[in-house]
Amino acid sequence: MSPEKSPDSSVVREQRVTISNKHGENLVGLLHQACSKNLDDSILVDLAYALTREGISAFRFDFAGNGESEGQFQYGNYRREADDLHSVVSYFTEQKYNIIGLVGHSKGGNAVLLYASMYHDIPVIVNISGRFALERGIDGRLGKNFMQRINEDGYIDVRNRKGEFEYQVTKESLKDRLSTDTLLSSCSISKGCRVLTIHGSKDEIVPVEDALMFAANIPNHELHIIAEANHRYTGHEKELKALVLDFIKSQPHLSSSLRPKLN
């Protein structure tokens, strides 16, 4: 698999990478090399290109059941997504990369934190707008009587505002979300792992109080609340990027970032 090159130069833009997880499902992602040049307005894509401009390569991917990756989408699935992260970390370690940190937004924030509590091998974690109280926010998607409906039918079909089917929530997947203990996992992150939580004060999806709970329970934690920012950080993208970059760049031995080791 060779990197894609721009037609008018030799600059490597990005490399599509497929990684098999422990369940035999292929995870698809893009490796942004340290010389990448491109534009996109998505939060993590924007961060990936910001990192490459600082000489730090970045890899972003779809969890199993999302985007181009194989598998069936599951509501919840936090532990399996942490396992997907482990498959990715293991792959790049085998490819002679050193990995300095993991960054996740929203549910991805929960995944990187859970990973840190399970594996203890990554020195920097950045949680952007993750949810601490996983029992909250469910009725907004599933309806006020979701427990009664799922106990009666065994599943709930989630539809968009146009009435179009989006995904199915099973009783098992709902149980997975409700049984994921963010308090226990937060306290289980080692003191040697530096964790940054960023949250918008006007987040309409995840209350800012959740960020305070992470700050109160993660041993080595730094918290930044961005005033007036919503869940997507609309109009606050520069501040978000600056916070993430400064935190990662302040890590000792930055040369151990996501880049090949020199033999």
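Tutor: **A buried charge and its surroundings**

D84 is buried but forms no salt bridge; R80, the nearest side chain of opposite charge, is 5.7 Å away. Some terms first. Buried means under 20% relative accessible area, exposed means over 50%, and partly exposed lies in between, with a 1.4 Å probe and protein chains only. A salt bridge puts a side-chain nitrogen of Lys or Arg within 4 Å of a carboxyl oxygen of Asp or Glu. Lys and Arg count as positive, Asp and Glu as negative; His and the chain ends are not counted.

This is a predicted model, where local features need pLDDT of at least 70 and side-chain atom pairs pLDDT 80 or more, while totals for chains, interfaces and linings use all residues. Residues are numbered from 1 along each chain as its sequence is written, and side-chain values use heavy atoms, with hydrogens and water left out.

D84 sits in helix α2, residues 78-94. R80 lies in helix α2 too. Helices (H or I, at least four residues) and strands (E, at least two) are DSSP runs, numbered from the N terminus. R80 counts as partly exposed because its relative accessible area is 29%.

Now the strands. H32 belongs to strand β3, residues 26-32. H32 is buried because its relative accessibility is 0%. From H32 to L51 is 19 residues in sequence and 8.9 Å in space, C-alpha to C-alpha.

Strands β6 (residues 101-105) and β7 (residues 124-128) pair in the parallel sense over 5 bridges. Pairing requires at least two DSSP bridges between two strands. G101 stands opposite V124 in β7.

Last, the cysteines. A search of the whole structure finds 0 disulfides, a disulfide being a pair of cysteine sulfur atoms within 2.5 Å. C193 is buried because its relative accessible area is 4%. C187 is partly exposed, at 42%.
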